[in-house]
Amino acid sequence: SPLLSVRGVHKTYVAAKRSKVVALEDVDLDVGEGEIVALIGPSGCGKSTLLRMMAGLDTDFEGDLSWSVPPRPGKDIGFVFQEPALLPWRTVRRNVSLGLEAQRDTSEQGREQVTTLLDLVGLTDFADSFPKELSGGMRQRTAIARALAYNPRILLMDEPFGALDAITRDRLHDDLLRIWETTHKTIVLVTHSVEEATYLADRVAVMSARPGRIKAVHTVPLSRE
Ligand code: ADP
Ligand code: ADP
C-alpha cells in the first residue's frame, strides 16, 4: 500500500464576512514509498493547502488522509519552505541540529547524523559558518539538511527553489537528486515550474484552480531508475 493515501479531500476556508473559498475539491492522490511526487498548478489551486494537510499542520478538512505507518509527530515529516528561515545566531551545524536539541537528543548518534547530513548536502566545510556567510543556495541546502535531521519518512517541500536564481536552482535540483539517490526519501514537492516538476519527479499531479482539483497525474517517462 502507498505510504500516504489522500481520498476525497475537500477543504473550504471561511474568509472575511463568512465568505467561503473552496480550496480543494475531490482530491485523490497516492504517494508511494521512495517516490518523488510534484504538485503543480496555478497560484491558488490549493498546492500549499494540500501540503500543509500532509504535514499535519491543517486538520480541518473533509475526506481521508491515511498513512501506511502513522507518522510520529515532529519526527517523520520533514518540511522545507521557500525561505530557509535559519537562525542567524546559530552556525550551520547548530541550525541542522536544532530539532534534535529541541527533543534533547544529545546522543553521539544524533551528532553523527548531523555530520552525515552536512556531508550529504555538501556543507561540511561550512559547518561552523553562520547563515549570513552563505549564498542563497547554501542556506537552502542547510534547510534541507535540517528537515532530514530526524530521518523523516517523508520530505514535504513548498516551492523550495522558488527564491533562487536560475543557475543556483539547477544546481540544487541535482543536489536534491543526489540526496534522493543516497536516501531514497519519499518527497512531495510543490512547484510552479513544469521543467522542475518533470526533471525531479516520478509523477506529476497537475492541479487546476477554483475549485482546486487534481486534473491529471502524469508518470514522467525516463525517470531515475
Ligand atoms: P497555492 O499554494 O496553489 O497557491 P493555496 O493552497 O495557498 O494555493 O490556496 C488555495 C485557495 O485557498 C486560494 O483561493 C487561497 O486564496 C485560499 N486560501 C488559502 N489560505 C487561506 C486562508 N487562510 N483563508 C482563506 N482562504 C485561503
Ligand atoms: P551554491 O551552489 O550554494 O549557491 P554559490 O554558487 O553561491 O553556491 O557558490 C559557489 C561556491 O563558492 C560554493 O560552493 C562555495 O564553495 C563558495 N562560496 C559561496 N559562498 C561562500 C562564502 N560565503 N564563503 C566562502 N566560499 C563561498
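Visitor: Which element gives the largest share of the shell around ligand 1?

Guide: This is a predicted model: local features need pLDDT of at least 70, side-chain atom pairs count only at pLDDT 80 or more, and totals for chains, interfaces and linings use all residues. Residues are numbered from 1 along each chain as its sequence is written, chains are lettered from A and ligands numbered from 1 in the order in which they are written, and side-chain values use heavy atoms, with hydrogens and water left out. Shell residues have a heavy atom within 4 Å of the ligand; β2 (20–31) and α1 (47–54), both DSSP runs (helices H or I, at least four residues; strands E, at least two), each supply at least two. The largest share, 3 residues, comes from α1.

Visitor: What residue forms a salt bridge with R7?

Guide: A salt bridge is a side-chain nitrogen of Lys or Arg within 4 Å of a carboxyl oxygen of Asp or Glu. The count comes to 12. In one of them, R7 has its closest N and O atoms 2.9 Å apart from those of its partner, D30.

Visitor: Why does that pair tie together separate parts of the sequence?

Guide: R7 lies in strand β1 (residues 4–14) and D30 in strand β2. The pair therefore links parts whose separation in sequence is 23 residues.
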